[in-house]
Amino acid sequence: MPSKTGKKNKKKAKLQQGNLAVGGKRFAGGDDARAAAEQEEGGRVQNKYDGAAGLEYEDEFGDDFEEEVFINEGDEDDDQMDEDTGVAEPTRIFVPGVDQLKEGEELTFDPSAYVLYHAIRPEWPSLSFDILRDELGGNRSRFPHTLFAVTGSQAETPEANKLTVMKLTDLHRMPRAGRPVDEGDSELAISLAADEDEDDVDCEDCEPKIDSVSVAHSGAAVNRVRSCPQQPATVATMGDDSVVRVFDLTTHAQALNGVGAKPAWGDTGPVFAFEGHREEGFALDWSPVAVGQLATGDCAGRIHVWQPGEGGASWVVDGGRGEHTGSVEDVQWSPSEATVFISCSVDRSLKVWDVREPRRAMVTKGDAHQSDVNVISWNPSVAYLLASGADDGTFKIWDLRSFGGASADPVAHFRWHRKPVTSLEWHPSDESVVAVASEDDSITVWDMSVEEDAVASSSGGESVELPPQLLFVHQGQSSIKEVHFHPQIPGLLMSTALDGYNVFKPNTNI
């Protein structure tokens, strides 16, 4: 893999590409096979379920990749033979969005690009999920890992929709057999290899485990789901029926930890529901500062702020604010101020609000992008930094200290993705790292602190400049909708797409 030397706390920056798209085989059976299966089964893909109803792990080293050619620069043993000339052609790194596959070429999964990688196939696709904070400790690095998450479905019929609380255990790191530590490995990978005997073993035969319990979300598909950071079992959803529901999933999470029995299907309903939105929406966020404070936005351009009532199972919802002239696509609370949040919209604007002033936004940045602004993320470590992503595939970094007004420019503007940005999120503890997901079927990881000369990568004999801040490219999923960092396991990410969930940790310093 090509590497770059940057300056970030004297660490090595590295561009890696993992799970690269494989000539139409982005998942088992290929796009055409899955489309046929979905049409035949009404959107359901039949699986051999293992460990939890409707969920299964995929084998990243299974038969799906046996016939494919591994493309990895610098390994003469992996050179491909040209059928016409009989001459060996060197393998090479593929640059997404720049390189084009020639006839007969394929791209394949590169296990050396990951410290950890698992794929999960659900019964129904999911637009949204959230990682649940747990009591296993923060800043965890020892393998195997355990992860809790809540997901919302997009089922064939409204009555079949559900919330699923899942527990993933025995998430081992990638086996290192045949992959000795070399100069291209990240410091993280080298450190892990050194601690292998103490920490984890090469686990080619170790099977990850999954357990889950589902709650009926009858009557509506789940557009957005979020867990309250201070009370992880309190989960809010926004449905495609325009209703916002709040669930208490305490007993479900406890059951996955072996405390009590799993609640039966249909036994759990929302503890609170709000039907005041005029249209369905996708904007929903809990305040990380004020416990139980919630903001929701809809496609009619209105935002409602929720204040928790007494007893913890009720909320007082305001009358709404409607200053946006298009759909409100996302909302984000300030990581440091209990009364401040920001919104983005199809009207291309960003607006900063204070709940004490419901009539108007405090600051507006008009034409923040040249297209719909889809997503925003407020940096949890540096309260004046904001990231926004748009329909034109670009994302920007803003300094809120000089925000607002027509002349305020972003501090950074990236035009890497070729299709709309669907999700972006700052690293929970590294203030300079952000992950970005796009409809171009890729997730990129960026480090804003890296400063270095432009690096050229060979692409069909031509020199191509790669952004020095680009650390990692993850591909292999179709129609990616969300990506989140694990708040307690540094560098671990989870994503959702049409074909399921990926849990992965890049072999780079994040």
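Trainee: Is Glu123 buried or exposed?

Mentor: Glu123 is buried, at a relative accessible area of 14%. Buried means under 20% relative accessible area, exposed over 50%, and partly exposed in between, with a 1.4 Å probe and protein chains only. Keep in mind that this is a predicted model, where local features need pLDDT of at least 70, side-chain atom pairs count only at pLDDT 80 or more, and totals for chains, interfaces and linings use all residues. Residues are numbered from 1 along each chain as its sequence is written, and side-chain values use heavy atoms, with hydrogens and water left out.

Trainee: Which residue forms a salt bridge with Glu123?

Mentor: Lys162, with the closest N and O atoms 2.8 Å apart. A salt bridge here is a side-chain nitrogen of Lys or Arg within 4 Å of a carboxyl oxygen of Asp or Glu. Lys162 is buried too, at 13% relative accessibility.

Trainee: OK, and how many salt bridges are there?

Mentor: The count comes to 13. One of them joins Asp354 and Arg356, 2.7 Å apart at the closest N and O atoms. Asp354 is buried at 10% relative accessibility, while Arg356 is exposed at 64%.

Trainee: Which residues are linked in a network of salt bridges?

Mentor: Arg224, Arg226, Asp330 and Glu482 are. Within it, Glu482 and Arg224 have their closest N and O atoms 3.3 Å apart. Glu482 is buried, with a relative accessible area of 3%, and Arg224 is buried at 10%.
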